[in-house]
Amino acid sequence: PATDNPLLEHVRRGAVAARLGSRQVEQVVQASASGGPYPDFPLGGQLKMIAALIRAELGIRIFFTELGGGGIGGFDNHANQRDNHASLLEQLSAAVTAFMDDLQRAGLAQQVALMTFSEFGRTLAENGRRGTDHGAAAPVLLAGGRLRGGLLGEHPDLADLDGYSPRPHTDFRRVYATVLQRWLGFDARAILGQAYEPLDIFA
């Protein structure tokens with residue numbers, strides 16, 4: 001019961017919060033066990049846990065995970081790009097497919113938008129170490145039950161390069177503004193510093 005003693009009241013509130021939190025953790029563990037098959041590499045496991053957190057309805061709206069990172073084995077392929085890049089794309093494809101299939105079975109695909117992003121693109125020209133260097137443009141991939149689907153923008157013109165890199169045809173901040181505004185309901189101008197015209201990507 002509530003008490004007039006501030007110390008006891010603090011302990012009581014902590015105990016109530018811990019009990020509620022333990023129930024939510026139990027829901028996540030159960031939801032994780034009930035999910036579909038995922039590929040056996042880190043991104044698959046991370047997306048499986050995110051799907052479980054979504055099913056547990058904890059009120060979390062944004063999740064972040066990473067594939068590759070910036071070290072050896074990541075997408076920053078300054079050397080020996082071919083096999084490493086192909087392996088990472090295979091992991092991305094298999095993990096996202098399992099994630100979206102899992103959400104579809106749970107009836108949650110309409111509530112989720114997944115977006116990939118990187119802080120830089122790659123050059124098209126190979127460097128002296130069988131890799132590529134930082135470039136101006138990169139693709140952004142999106143998946144979700146309410147996306148229109150398809151390719152947005154022009155296909156890169158390989159005869160019109162920015163140095164050794166494809167030229168960007170869409171400002172990435174328009175993609176961010178679209179997701180912030182039309183999906184999350186945030187004020188994109190307050191976050192991005194100015195207004196960017198949203199893209200017509202959500203059904």
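Which residue forms a salt bridge with Arg167, and how far apart are the closest N and O atoms? The partner is Asp160, at 2.9 Å, where a salt bridge is a side-chain nitrogen of Lys or Arg within 4 Å of a carboxyl oxygen of Asp or Glu. The structure is a predicted model, in which local features need pLDDT of at least 70, side-chain atom pairs count only at pLDDT 80 or more, and totals for chains, interfaces and linings use all residues. Residues are numbered from 1 along each chain as its sequence is written, and side-chain values use heavy atoms, with hydrogens and water left out.

Arg167 is partly exposed at 42% relative accessibility, and Asp160 is partly exposed at 36% (buried means under 20% relative accessible area, exposed over 50%, partly exposed in between; 1.4 Å probe, protein chains only). The count of salt bridges comes to 8. Another of them joins Asp102 to Arg55, with 3.0 Å from N to O. This pair links distant parts of the chain, 47 residues apart, with Asp102 in helix H3 and Arg55 in helix H2 (helices are DSSP runs of H or I, at least four residues, numbered from the N terminus). Both Asp102 and Arg55 are buried.

Now to the nonpolar side chains. The largest nonpolar core has 20 residues, such a core being a set of buried Ala, Val, Leu, Ile, Met, Phe, Trp, Tyr and Cys residues joined through side-chain atoms within 4.5 Å. Helices H2 (42-55) and H3 (81-105) each give two or more residues to this core, and H3 gives the most, with 8.
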